Amino acid sequence: MNNFQYARATDVADAIRLLAADPGAKLIAGGTNLIDLMKENVERPSRLIDISRLPLRKVEETADGSLRIGALVPNSDLAYHPLIEQRYPLLASAILAGASAQLRNMASVGGNLMQRTRCVYFYDTATPCNKRRPSSGCSAMDGLNRNHAILGTSAACIATNPSDMSVALAALGALVHIAGRSGERTIALTDFHRLPGDTPHVDTNLGTSEIITGIELPARGFAQNYSYLKIRDRMSYAFALVSVAAALELEGNAISGARMALGGVAHKPWRSLEAEAALRGQAATPDHFSRAADLLLQGATTRSHNGFKVELARRAIVRTLTQAANATPQSQAHKKIA
Amino acid sequence: MNAYIGTPTSRVDGRAKVTGAAKYAGEFPADGLLHGFVVEATIPCGRIARLDTSAALQVKGVLDVLTHANRPPLADKDEAWRDEVAPEGSPFRPLYDDTVKFNGQPIALVVAEDWETAKFAATLVRVEYEQRGFATDLEGERGKAAEMDKPHKPRGDAAATLAQARVRHEAEYVIPTEHHNPMELYATTAIWDSNGKLTIYDKTQGVQNVHKFLCGVFDKKPDDIRVASPYVGGAFGSGLRPQYQVVLATLGALALKRSVRVVLTRQQMYGLGYRPMTIERVGLGAKSDGTLDAVTHEAIAVTSRYEDFARNDTGWAEQLYSSPNSRFSHKLVHLDVSTPCDMRAPGAASGVCALECAMDELSVALKLDPIELRLKCYSDRDQSENLPYTSKQLRECYARGADAFGWSRRNPAPRSMRDGKELVGWGMATGVWEALQMPVAVRIVLTSNGHAEVSCAASDIGTGTYTIVAQVAADALGLPIENISVRLADSTLPQAPVEGGSWMAASSAHAVLAAAEEVRKELLRLAGKIHGSPLAGAELADTVLTDGSIARASDNRRAVSIADAMRHGGVERIEKEKLNQFGEDKKHARNTHSAVFAEVKVDELLGVIRVTRVVSAIAAGRILNTKTGRSQIMGGVVWGIGMALHEETVMDHRFGRIMNANIAEYHIPVNADVHDIDVIFVDEPDAHINALGIKGLGEIGIVGVPAAIANAVYHATGKRIRRFPITLDKVLD
């Protein structure tokens with residue numbers, strides 16, 4: 001770990017000023033990922049700007065029926081918040097599928113969006129990695145890539161985004177509120193994370209002196225028919241091989257609205273508007289789910305060890321949509337896949 | 001005499017552990033304590049061309065950076081570096097010279113006023129290497145495997161019989177490299193005192209092994225160094241040999257004449273020992289009735305370039321199953337990695353896994369129930385030496401285990417049982433381990449208030465040695481257990497070997513008995529001198545210590561209290577030390593056994609595997625403590641689940657580096673992976689092995705578990721996975 005300066009931001013504007021003053025600075029809230037990366041010398045910030053005491057911990061309903069969540073709300077508080085449990089149980093479920101209780105207690109909503117990949121080469125400074133050191137090469141491409149991406153990859157990087165929460169947020173059409181030197185802006189969560197392209201070292205579209213202030217959930221919560229299914233190498237406390245967030249609106253057995261997002265398969269939560277459109281107006285049957293899965297996985301490419309992910313994802317999508325349609329969402333507390 | 005032995009006595013050190021009063025090696029304070037942080041090599045093979053420590057030395061708070069170039073003297077002969085359990089070869093010497101033998105090798109120690117400063121300065125040490133060609137891939141290099149001494153002698157002509165066998169099964173099973181990952185990090189606090197003597201608090205399974213090693217490596221007299229390790233937060237074999245951090249902390253203390261602590265990081269612990277990857281080839285030839293004609297088992301295992309670490313992977317079939325022809329071989333491939341080491345049930349965990357999967361495959365080929373096949377081949381004698389066992393209740397393990405599990409309701413056809421979306425599989429396997437015992441000495445100090453201190457250099461690595469020593473001492477001295485205090489794991493205490501191999505329960509218990517007998521002898525002498533003593537003229541053999549008194553065994557109303565005997569004798573304390581040695585018995589084989597039954601449920605479409613039930617029926621002689629014993633077996637079962645489904649140290653052979661050196665990516669079972677575990681201790685009276693009939697439980701709990709689970713996965717899915725761990729991608733259609 002390198003030596004670093006520490007500063008505590010007094011308000012959001014102060015945090016932005018401090019960020020702008022030091023290009024090597026990083027914001028810290030829960031620190032559940034950043035501290036790990038600092039211990040491994042992957043992140044070497046010149047300064048940590050502590051934002052953990054900023055007043056960004058509210059969960060508020062807005063006049064138009066959407067919900068505004070402060071960037072510093074702890075993951076566990078959010079998962080167990082009555083409004084989330086009632087109106088957005090898909091989000092609560094996805095959060096509880098991630099990490100451990102102790103980590104969720106520390107981790108903030110904004111920090112969760114900023115999680116970096118768990119690619120083993122990214123974590124090991126003795127190996128080449130384009131994300132950690134641009135142009136040094138991608139070790140995963142022809143190395144250990146069982147956990148790696150099958151969608152939206154580039155010749156430079158096949159890393160995945162490790163977040164569960166973001167997958168549900170993508171499905172729910174969440175917006176990210178951002179503040180910077182030139183004021184506030186809002187972008188869709190699906191535009192917040194980037195594909196690796198030839199700049200895999202840039203994970204998100206957050207500007208250099210910008211800060212996430214909150215997340216906004218649109219009024220449609222898909223609280224009746226939803227499920228979050230995470231497939232991993234053990235039943236808890238492991239990153240997703242594949243995860244699926246599914247949300248449906250049904251009229252009888254007919255699908256009037258559908259949302260799907262995948263985790264563990266790409267550099268960002270993976271959505272396909274085409275796949276969702278294909279479900280609308282269809283009966284909620286395995287055949288239609290299967291066709292939607294194929295559309296969602298269109299263009300998948302695999303490397304030597306992650307070929308299984310395509311079929312696994314296809315089956316997981318069908319299973320999750322079935323759980324959603326039957327209103328029998330996957331439990332994150334039971335020791336089994338429903 | 002048996003108020004405590006055989007009961008579920010709670011851990012006597014439980015309160016100290018849960019309240020934090022129990023101190024571990026990295027927790028002992030010292031005035032002016034310095035902290036060392038290890039710099040590791042990032043190549044697997046070559047030499048250090050340049051090591052620039054100047055930037056690190058300029059950091060405020062850094063006192064020194066020790067390297068091969070500036071360290072205090074270290075022994076130059078291999079003998080000095082060879083500890084009590086070292087394999088053949090030339091042991092690794094940290095900071096000895098400029099050669100790099102494995103990735104993660106320590107190459108410098110930054111010593112600073114605080115740990116964070118040392119860790120930061122370590123990032124400033126600049127290293128240039130001359131890298132050499134290297135190889136780390138066992139499967140790629142298997143052609144270079146070299147035969148070790150045969151573990152068991154061949155009998156008959158196994159190859160020819162196997163080739164002609166009516167029913168034959170031959171296959172290769174691959175067990176990956178696995179790391180112990182004990183909860184406690186490896187740590188040493190080396191405390192320097194003003195006259196130059198050192199007290200070393202070390203995480204180890206053997207304080208006297210470390211003591212002798214340090215005296216040799218640093219050319220010190222026995223009195224110059226004391227090694228203590230009062231509590232160990234798990235080790236599982238990784239602490240049998242002195243680890244490099246104890247050398248580095250001692251080097252730091254000698255160089256700076258200050259106290260120094262070195263705590264390894266979790267990641268650095270992957271540079272220590274590990275269960276070696278093995279390729280296990282098993283051949284079984286049977287008659288159509290299920291009796292075996294031939295058994296062959298060849299293991300190819302990884303070791304380092306500098307030591308030949310080999311364990312008995314093969315040859316267990318010789319003890320378990322009757323067969324007129326057998327051949328076993330163990331081959332090593334030397335690679336550019338650190339030396340493997342013992343890990344819970346070394347050899348057996350891997351070798352029996354392969355054997356028991358192969359037996360399951362043979363039972364399928366024979367269309368015979370897996371238990372029936374094992375009973376057809378049951379052997380009441382250890383065939384390698386043609387000896388009967390001191391005791392062997394394996395038949396009872398099969399029967400009791402099968403009954404508790406409900407095995408008779410099993411439909412033998414694969415994919416025939418299901419529960420909703422899940423395929424259900426039932427599998428079983430046999431487990432076997434040795435019942436070893438070693439010389440151990442114990443000292444008992446009995447005071448006239450009826451309190452005894454029992455001391456021994458043996459370690460308690462979390463298994464419960466403190467508790468069983470207290471139990472046996474309380475019974476042998478006829479005192480309540482609250483009156484017994486136990487001191488362990490200090491090199492100045494009476495002799496004990498490393499704690500391993502499941503030998504410490506039997507070994508320490510009988511040493512307590514032996515020392516207690518010396519105490520009783522002295523009490524009899526004192527009591528006999530009392531005028532009109534009820535014990536006058538009593539033979540030692542006709543006395544017992546009971547209820548705070550010494551009494552005639554034939555009539556315990558004729559007794560003298562300990563207090564009276566000592567008061568009359570004019571003594572305040574009786575101190576007796578006794579080395580217990582077990583008589584050599586060449587007429588018996590000594591083993592523990594188990595029958596393990598596992599239920600798995602496999603999601604048919606998604607491949608997710610759950611181990612929903614395990615029944616482990618154990619025959620291990622008398623169980624000293626049914627509570628800690630049950631915990632031991634449950635721990636072994638949980639680890640067996642990990643070995644079957646999760647654990648694998650993953651290396652990128654292009655870099656010769658372990659890539660999942662942390663417990664986020666190196667998976668072990670978590671609570672959600674563990675369901676019902678039923679432990680059955682089968683009665684196994686043993687009049688031959690030792691006075692108490694104890695065999696030890698440390699290893700047997702894991703043996704057979706991975707195979708039982710793999711066999712259950714086959715039964716559930718019809719897929720035979722021979723490459724461990726069985727991850728879901730391997731069972732997906």
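Predicted model: local features only at pLDDT ≥ 70, side-chain atom pairs only at ≥ 80, totals over all residues.
Visitor: Thanks! Then why is A:Glu311 called partly exposed?

Guide: A:Glu311 has 27% relative accessibility, so it counts as partly exposed.

Visitor: What makes A:Arg314 and A:Glu311 a salt bridge?

Guide: The limit is 4 Å between a side-chain nitrogen of Lys or Arg and a carboxyl oxygen of Asp or Glu. In A:Arg314 and A:Glu311, the closest N and O atoms are 3.1 Å apart, which puts the pair within that limit. The two residues sit three residues apart in helix 13 of chain A, so about one helical turn separates them.

Visitor: Is A:Asp14 buried or exposed?

Guide: Buried, because its relative accessible area is 13% and buried means under 20%. A:Arg17, at 52%, is exposed, since the mark for exposed is over 50%.

Visitor: Which parts of chain B does the salt bridge of B:Arg613 and B:Glu599 tie together?

Guide: Those side chains meet at 3.4 Å, N to O. B:Arg613 lies in strand 30 of chain B and B:Glu599 in strand 29 of chain B, so the pair ties together parts that are 14 residues apart in sequence. B:Glu599 has 9% relative accessibility and therefore counts as buried.

Visitor: How many salt bridges are there over all chains?

Guide: A search of the whole structure finds 64.

Visitor: Now to helices. Why are helix 12 of chain B and helix 13 of chain B called roughly parallel?

Guide: Their axes cross at roughly 30°, and angles under 35 degrees count as roughly parallel. That is why the two helices get this description. The axes come within 9 Å, and the crossing is right-handed.

Visitor: Which residues meet there?

Guide: Among them are B:Ile468, B:Val469 and B:Val472 in helix 12 of chain B, and B:Val512, B:Leu513 and B:Ala516 in helix 13 of chain B. By class, this contact has 13 nonpolar, two polar and no charged residues.

Definitions and conventions. Residues numbered from 1 in each chain as written. Chains lettered and ligands numbered in written order. Heavy atoms only, no water. Axes fitted to C-alpha atoms, helices over the stretch in contact; angles between N-to-C directions. Helix = DSSP H or I, 4+ residues; strand = E, 2+ residues; numbered from the N terminus. Parallel < 35°, antiparallel > 145°, perpendicular 65-115°, else oblique. Left-handed = near helix turned anticlockwise from the far one by under 90°. Contact = heavy atoms within 4.5 Å. Nonpolar A, V, L, I, M, F, W, Y, C, P; charged D, E, K, R; others polar. Buried < 20%, exposed > 50% of the residue type's maximum accessible area, 1.4 Å probe, protein only.
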